[in-house]
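Work through the exercises below with the sequence and the structure at hand. Each task is followed by a solution in steps.

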Amino acid sequence: MPFVKKVKSDAYFSRFQVKNRRRREGKTDYYARKRLVTQAKNKYNAPKYRLVIVYARLQGDFVLTAARSKELPRYGINHGLTNWTAAYATGLLCARRALTKLGLADKYEGVAEPDGTLTLTETLDEEDAPRPFKCFLDVGLKRTSTGSRVFGAMKGASDGGLFIPHSDKRFPGYDPESKELDAEVLKKYIYGGHVAEYMESLEEEDDERFKKQFASYLADGVGSEDIEEIFTNAFAAIREDPTFKPTEKSKDWASETKKFMTPKLTYDEKKARIAEKIAKFNATNEGDDAV
């Protein structure tokens, strides 16, 4: 069959509808989002919450609680804010902050001393006890590979006392052949043991590269043997005070920004400005005519 060029007519373009902006930008998976935000028809005003804890309204998404790894230095974690353990600590901070805000922090403490096993938050046996706060992991367009940091944040939030339905298939240490989770491997990741192991191996293999890659650690006197203690103390500090505290600003950035903004004119100011321009234009023309 000969090659036939596909011609798109005017009818095609007149009916073409662009996709949503965040889909065009590659930021939102609307197929998954539809199923994450759809509420049950037999419930009134019972939104589904997503981690980081966000819920949907007709007006848009509203954030209940958020946490960032840049807050971790306040709890003693000054290095490696992008590794798996830091993601766990951020999830733990988000969970404890949300439960404190909802008044459930004392009732649902989660797993105070994580041992790497799969533990889901269960409802209390007490009569008239509130149910655990339930939310779902929204990975967005992140690739859900085994050992991904997004599951570290989920594990931290789950150990923090939130009820997040999940399995152990994507945690570090899961063996797809035996279909079992090695709790010791996951525990090592929770306390930064994989970072300590890498520090030791790199120091033995290439001392120059070790000093370059872990320069900030060495400047603060942090060695591989200190990693576990740092994270253990940080987890305890997060549970003690998870509330958000804004950082002190060196400048008043709101006023700094407004310096470069053109103020909006009122109707009377616009009329006066136009009259001034007309008068200036007329004066220029009269001078040219005189010459």
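**Exercise 1.** Which residues of the largest nonpolar core touch the most other members?

Solution. The model is predicted, so local features need pLDDT of at least 70 and side-chain atom pairs count only at pLDDT 80 or more, while totals for chains, interfaces and linings use all residues. Residues are numbered from 1 along each chain as its sequence is written, and side-chain values use heavy atoms, with hydrogens and water left out.

Step 1: A nonpolar core is a set of buried Ala, Val, Leu, Ile, Met, Phe, Trp, Tyr and Cys residues joined through side-chain atoms within 4.5 Å. Buried means under 20% relative accessible area, exposed over 50%, and partly exposed in between (1.4 Å probe, protein chains only).

Step 2: The largest core has 48 residues, and L51, I53, F133, L162 and F235 touch the most other members. Helices α4 (84-102), α5 (149-159), α6 (183-190), α7 (193-205) and α10 (227-240) each supply at least two residues of this core. The largest share, ten residues, is from α4. Helices (H or I, at least four residues) and strands (E, at least two) are DSSP runs, numbered from the N terminus.

**Exercise 2.** List what L162 is in contact with, leaving aside neighbours within four places in sequence.

Solution. Contact means heavy atoms within 4.5 Å. With those neighbours set aside, L162 meets L51, I53, A95, L99, T121, F133, C135 and A157.

**Exercise 3.** Is T85 buried or exposed?

Solution. Step 1: T85 lies in helix α4. Step 2: T85 counts as buried because its relative accessibility is 0%. Step 3: Beyond four places in sequence, T85 is in contact with Y189, I190, Y191, G192, H194, F231 and F235.

**Exercise 4.** Explain why α5 is largely enclosed by the rest of the structure.

Solution. Step 1: Nine of the eleven residues of α5 are buried, so the helix is largely enclosed. Among them are V150, F151, K155 and D159. Step 2: The buried residues of α5 pack against β1 (50-51), α4, β4 (136-137), α6 and α10. Step 3: After α5 comes G161, with a positive phi near 120°.

**Exercise 5.** In which sense do β2 and β3 pair?

Solution. Step 1: Two strands pair if DSSP finds at least two bridges between them. Step 2: Strand β2 (residues 54-57) and strand β3 (residues 60-63) pair in the antiparallel sense over four bridges. Step 3: V54 has V63 of β3 as its bridge partner. The two strands, β2 and β3, form a hairpin with two residues between them.
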